[in-house]
Amino acid sequence: MLSRLCLLGCLLFSTSAAIAESSDTEALSKRVSAYAAAMQSKSYEGIIDVVPTRILSMMAGLSDTDVATLKAAMIQQTQQAIATIDVLEFEIDTRNPDYKRTSNDVPFVFLPTAAVMAVPGVGKVESSTSTLALKDGGEWFLSAIDSPQQIAIIRQAYPGFSSIDFPSGTSKPAE
């Protein structure tokens, strides 16, 4: 009898985990689609909208400002940084996410990311990287992890990432 109860419990747990993962994948895909559309259309507000709230709060505190002022400055900096860059191709792959959790239970996944951009004075650049998607407060957020500085900020805001190995990416001239 006890083994049947254990079997039933395992089946219920795996079924509820699959349902939760399915709804996570749907929510994550919607978030990624909105971000990709923002990148293609250069909607700077949409690009900044995916930054984790905890990171915004931490950075605002370190800058002795409020989140709204920080977001406005980030939007302006993003506009200046990519105004002259043409995003020719941009894709974040959400087809088979490998969900994980940090030591302090923050759900996350590394999503393969590919882009081709035309950069004035440089030409076409192709990058193959990963984007960190993390769930905080029931909402999915995205973060570039292309530089040690970006990873350091994530680890400062989310200490559970201190023991996580981040994938590296590549950039090269496109043909």
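Which residues does Thr129 touch, not counting residues up to four places away in sequence? Keep that question in mind as you read these notes, and remember that the model is a predicted one.

1. Let's start with the answer. Thr129 touches Leu111, Pro112, Thr113, Asp146, Gly169 and Thr170, leaving aside residues up to four places away in sequence. You can find Thr129 in strand S4, which covers residues 123-136. Its relative accessibility is 15%, so Thr129 counts as buried, given that the cut-off for buried is under 20%.

2. Next, have a look at helix H3, residues 53-62. Ile55, Leu56, Met58 and Ala60 are buried there. What do the buried residues of H3 pack against? Their partners are two helices, H4 (67-82) and H5 (148-157). After H3 comes Asp64, and its phi is positive, near 55 degrees.

3. Now for the way H3 meets H5. Two packed helices are described by the angle between their axes and the distance between the axes. Here the axes of H3 and H5 come within 9 Å and cross at roughly 95 degrees. H3 is therefore roughly perpendicular to H5, since angles of 65 to 115 degrees count that way.

4. From H3 come Arg54, Ile55, Met58, Met59 and Leu62, and they meet Ile153, Ile154, Gln156 and Ala157 of H5. Sorted by class, this contact has seven nonpolar residues, one polar and one charged.

5. Finally, turn to the aromatic rings. The count of aromatic pairs comes to seven. One of them is Phe110 with Phe166, an edge-to-face pair with 5.4 Å centre to centre and 65 degrees between the planes. This pair links distant parts of the chain, 56 residues apart: Phe110 sits in strand S3 (residues 107-119), and Phe166 in the loop between H5 and strand S6 (170-173).

6. Stay with Phe166 for a moment. Phe166 is buried, with a relative accessible area of 15%. The ring centres of Phe161 and Phe166 are 6.0 Å apart and the planes are at 40 degrees, so this pair is tilted. Phe161 is buried too, at 0% relative accessibility. Which residues form one aromatic cluster? They are Phe108, Phe110, Tyr158, Phe161 and Phe166.

Conventions:
Residues are numbered from 1 along each chain as its sequence is written. This is a predicted model: local features need pLDDT of at least 70, side-chain atom pairs count only at pLDDT 80 or more; totals for chains, interfaces and linings use all residues. Side-chain values use heavy atoms; hydrogens and water are left out. Buried means under 20% relative accessible area, exposed over 50%, partly exposed in between (1.4 Å probe, protein chains only). Helices (H or I, at least four residues) and strands (E, at least two) are DSSP runs, numbered from the N terminus. Contact means heavy atoms within 4.5 Å. Axes are lines fitted to C-alpha atoms, for helices over the stretch in contact, and angles run from 0 to 180 degrees between N-to-C directions. Angles under 35 degrees count as roughly parallel, over 145 as roughly antiparallel, 65 to 115 as roughly perpendicular and the rest as oblique. Ala, Val, Leu, Ile, Met, Phe, Trp, Tyr, Cys and Pro count as nonpolar, Asp, Glu, Lys and Arg as charged, and the others, Gly among them, as polar. Rings of Phe, Tyr and Trp (its six-membered ring) pair if their centres lie within 6.5 Å; planes under 30 degrees apart count as stacked, over 60 as edge-to-face and the rest as tilted.
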